[in-house]
Amino acid sequence: MSPGAESTAPEVVAAAPVSRVWLFCFALAWFGFWLLVMLPGQFMVVKLASVIDATNKVTVGSFLIGEMAGVIVIGVPIIGWLCDRTRSRFGRRRTWVLAGFLTATIPFAWVGHQTSVVSVAILLGIVAIGQSAVLVSLSALIADRVPVVQRGRASAAMGVPQVIALAAGMIIVTELIPDVGWSWMVIAVLALLAPLPFVFGFSEPPRPADAPVRSLGLRRGLRRLHGYRDFGWATLSRVLINAGNLVGTTYLLYFLADVLGLADPDGALLVLILVYLAACAVASWAGGILTDRWKARRMLVCVSAALQAAAALVLALLPSWESSLVAAVLLGFGYGLFLSVDQALLTDLLPDETTRARDLGIANSAQHLPIAPIIGWAVLAVSGYSQLYIVAAAVIMLGGVTVLRIRSVR
């Protein structure tokens with residue numbers, strides 16, 4: 001913390017540390033969520049777009065990914081507001097976790113059997129609503145249940161499953177079940193089963209009593225505003241880093257096929273993703289431990305951004321299969337570190353314990369603004385993939401610099 005700075009985020013400590021079993025089951029729930037999110041964004045949607053309309057695959061894929069992002073941007077803050085106010089014996093967060101998974105997985109199972117863009121778009125819109133509910137409720141549980149000293153590990157429990165879900169999912173949809181229709185159905189079933197041990201195996205702390213309405217006063221009001229200032233910078237940093245990362249990865253299948261001219265782009269993409277995910281898993285696990293020990297959240301986010309930007313520049317300046325492998329390692333280390341640190345940073349900066357789901361919902365919905373598909377479509381319409389990856393690097397680095405504007409935490 002900078003000299004003279006006063007933390008404005010209330011430090012809410014849970015009654016007791018969470019157990020390893022709790023963290024494992026929590027990670028399993030996130031595994032189900034990431035199956036529904038990562039695979040469509042990284043492979044399944046662009047693959048389906050190339051089957052439905054090979055000529056306009058970039059436009060169709062960008063539209064579908066952008067549509068899901070748009071629904072999430074709108075849905076997450078609304079669901080977050082509702083989640084904070086839910087009263088249920090089953091648990092306000094768990095209620096939304098279960099409802100979200102059901103809403104997402106049922107239409108998800110039928111997406112791959114569609115033959116028109118309209119029907120796919122309708123189903124994916126419903127899927128995105130369910131994804132919004134899961135994202136809001138699971139994210140809020142970190143602030144509700146996990147003490148500050150374990151938040152790096154909890155963020156790793158959120159981030160590492162993203163790596164495993166993408167690796168296992170890619171093997172399933174490219175090697176074990178390459179049929180487009182059945183691949184969507186199998187992923188939906190796995191995603192629905194994954195959160196059940198957490199949802200039904202652990203109780204949830206009761207909803208805190210509503211705080212009495214009282215005048216903030218000028219000094220306290222300014223401190224509250226300052227808390228949202230830092231939370232806003234952290235949100236903007238997350239938006240930019242994720243957008244730059246998605247710009248670089250969403251169109252990687254087309255890069256391998258159209259630029260490198262590989263005979264088996266699907267298989268090549270799987271290799272790159274496995275290399276990327278191995279590095280990502282190591283960095284995410286290590287980052288969760290380091291950020292809990294050092295509390296240097298901002299600097300670790302900057303390092304993660306630099307590594308990801310370097311990966312994009314390698315693809316832009318040295319487009320080859322060998323450089324793609326190097327880029328996969330750099331991207332994996334950078335994004336893995338980001339996953340384990342960024343969520344802990346945002347949770348530390350939450351300004352009000354009574355609006356956790358809403359505030360995290362705003363941050364998470366902003367993260368899903370359709371910046372990446374808009375940039376991808378715009379750049380590829382007038383230029384090539386080298387320029388696309390240069391833009392991706394610039395966006396990521398801007399996100400890394402933005403996090404330095406935060407003053408209330410290290």
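Visitor: Let's start with Leu82. Why is Leu82 called partly exposed?

Guide: Its relative accessibility is 35%. Buried means under 20% relative accessible area, exposed means over 50%, and partly exposed is what falls in between (1.4 Å probe, protein chains only). Since 35% sits in that middle range, Leu82 counts as partly exposed. Before we go on, this is a predicted model, where local features need pLDDT of at least 70, side-chain atom pairs count only at pLDDT 80 or more, and totals for chains, interfaces and linings use all residues. Residues are numbered from 1 along each chain as its sequence is written, and side-chain values use heavy atoms, with hydrogens and water left out.

Visitor: What makes the nonpolar surface patch that includes Leu82?

Guide: Ile74, Ile78, Trp81 and Leu82 make it, and it covers about 400 Å². Patches are built from residues with over 30% relative accessible area and no salt bridge; nonpolar side chains (Val, Leu, Ile, Met, Phe, Trp, Tyr) are joined within 5 Å, like charges within 9 Å.

Visitor: What span is expected for helix α4, and what does the model give?

Guide: The expected span is 1.5 Å times one less than the number of residues. Helix α4 (residues 117-145) has 29 residues, so 42 Å is expected. From first C-alpha to last, α4 reaches 41 Å, close to that value. For helix α10 (residues 265-294), 30 residues should span 44 Å, and the end C-alpha atoms are 41 Å apart, which agrees. Just after α10, Lys295 takes a positive phi of about 60°.

Visitor: What makes you call α4 mostly covered?

Guide: Of its 29 residues, 23 are buried. Take Ser132, which lies in α4: its relative accessibility is 0%, so Ser132 is buried.

Visitor: Which residues does Ser132 touch?

Guide: Not counting residues up to four places away in sequence, Ser132 touches Val71, Ile72, Gly75, Val76 and Ile79. A contact means heavy atoms within 4.5 Å.

Visitor: Why is Asp84 with Arg93 called a salt bridge?

Guide: The rule asks for a side-chain nitrogen of Lys or Arg within 4 Å of a carboxyl oxygen of Asp or Glu. The closest N and O atoms of Asp84 and Arg93 are 3.2 Å apart, so the pair passes. Asp84 is buried at 2%, and Arg93 is buried at 0%.

Visitor: What else does Arg93 pair with?

Guide: Arg93 forms a salt bridge with Asp144, with the closest N and O atoms 2.6 Å apart. This pair links distant parts of the chain: Arg93 is in helix α3 (residues 92-111) and Asp144 is in helix α4, 51 residues apart. Asp84, Arg92, Arg93 and Asp144 are linked in a network of salt bridges. The count for the protein comes to seven salt bridges.

Visitor: Why is Trp22 called buried?

Guide: Its relative accessible area is 4%, so Trp22 falls under the 20% line. Trp22 lies in helix α1 (residues 20-52). Leaving aside neighbours within four places in sequence, Trp22 is in contact with Arg145, Val146, Phe198 and Phe202.

Visitor: How confident is the predictor in all this, going by the mean pLDDT?

Guide: pLDDT is the predictor's confidence in each residue, from 0 to 100. The mean for the protein is 83, and 90% of its residues reach 70 or more. Over residues 1-15 the pLDDT is below 50, though this stretch has 32 contacts in the model beyond near neighbours in sequence. Residues 210-218 also stay under 50. Where pLDDT is low, the predicted coordinates should not be read in detail.

Terms used:
Accessible areas come from the Shrake-Rupley method with a 1.4 Å probe; for residues, only the protein chains shown count as cover. Helices (H or I, at least four residues) and strands (E, at least two) are DSSP runs, numbered from the N terminus.
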